[in-house]
Amino acid sequence: MANVSFKGKDFEVDEDGFLLRFEEWSPEWVDFVKESEGIAEITEDHQKILDFLQDYYKKNGIAPMVRILSKNTGFKLKQVYELFPSGPGKGACKMAGLPKPTGCV
């Protein structure tokens, strides 16, 4: 697996750039993914989605389906893509420190 260094932190990632260990997540990781996603600033809306993804993952050990994400955060899929241009799986889950989703996220 690969290592990524950013702002003095080292992260071990898989071949798709997702963190290998959720517990390594940090604000520096958010900044790294934010830059690679082309997101200028993390807003309250971004944070609401990130917080939900992390809480869901801690409780269930997997990323939620898009339907669950939308229902619990109040964001329609179109809005999630506006916030995370590469989508809920690649962008949002990656930024939240979750492993690469295997299903329909």
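What pLDDT does the chain average, and what share of the residues score at least 70? The chain averages a pLDDT of 93, and 97% of the residues score at least 70. Go element by element and you'll find the lowest mean pLDDT, 90, in strand β1 (residues 2–6). At the other end sits helix α2 (residues 44–60), with the highest mean, 97. As a rule of reading, where pLDDT is low, the predicted coordinates should not be read in detail.

Now turn to a pair of helices. Two packed helices are described by the angle between their axes and the distance between the axes. Take helix α1 (residues 27–37) and helix α5 (residues 87–96): their axes come within 8 Å and cross at roughly 160 degrees. Angles over 145 degrees count as roughly antiparallel, and that is why α1 is described as roughly antiparallel to α5. The crossing of these two helices, α1 and α5, is right-handed.

Who touches whom here? On the α1 side, look for W29, V30, V33, K34 and E37; they meet K90, G91, K94 and M95 in α5. Sort the residues of this α1–α5 contact by type and you get four nonpolar, one polar and four charged.

Finally, hop over to G38, which is found in the loop between α1 and α2. Is G38 buried or exposed? Its relative accessible area is 64%, so G38 counts as exposed, the cut-off being over 50%. If you'd like a sense of distance, compare G38 with N3: the two are 35 residues apart in sequence and 21 Å apart in space, C-alpha to C-alpha.

Key. Residues are numbered from 1 along each chain as its sequence is written. This is a predicted model: local features need pLDDT of at least 70, side-chain atom pairs count only at pLDDT 80 or more; totals for chains, interfaces and linings use all residues. Side-chain values use heavy atoms; hydrogens and water are left out. pLDDT is the predictor's confidence in each residue, from 0 to 100. Helices (H or I, at least four residues) and strands (E, at least two) are DSSP runs, numbered from the N terminus. Axes are lines fitted to C-alpha atoms, for helices over the stretch in contact, and angles run from 0 to 180 degrees between N-to-C directions. Angles under 35 degrees count as roughly parallel, over 145 as roughly antiparallel, 65 to 115 as roughly perpendicular and the rest as oblique. A crossing is left-handed if the near helix is turned anticlockwise from the far one by less than a right angle, and right-handed if clockwise. Contact means heavy atoms within 4.5 Å. Ala, Val, Leu, Ile, Met, Phe, Trp, Tyr, Cys and Pro count as nonpolar, Asp, Glu, Lys and Arg as charged, and the others, Gly among them, as polar. Buried means under 20% relative accessible area, exposed over 50%, partly exposed in between (1.4 Å probe, protein chains only).
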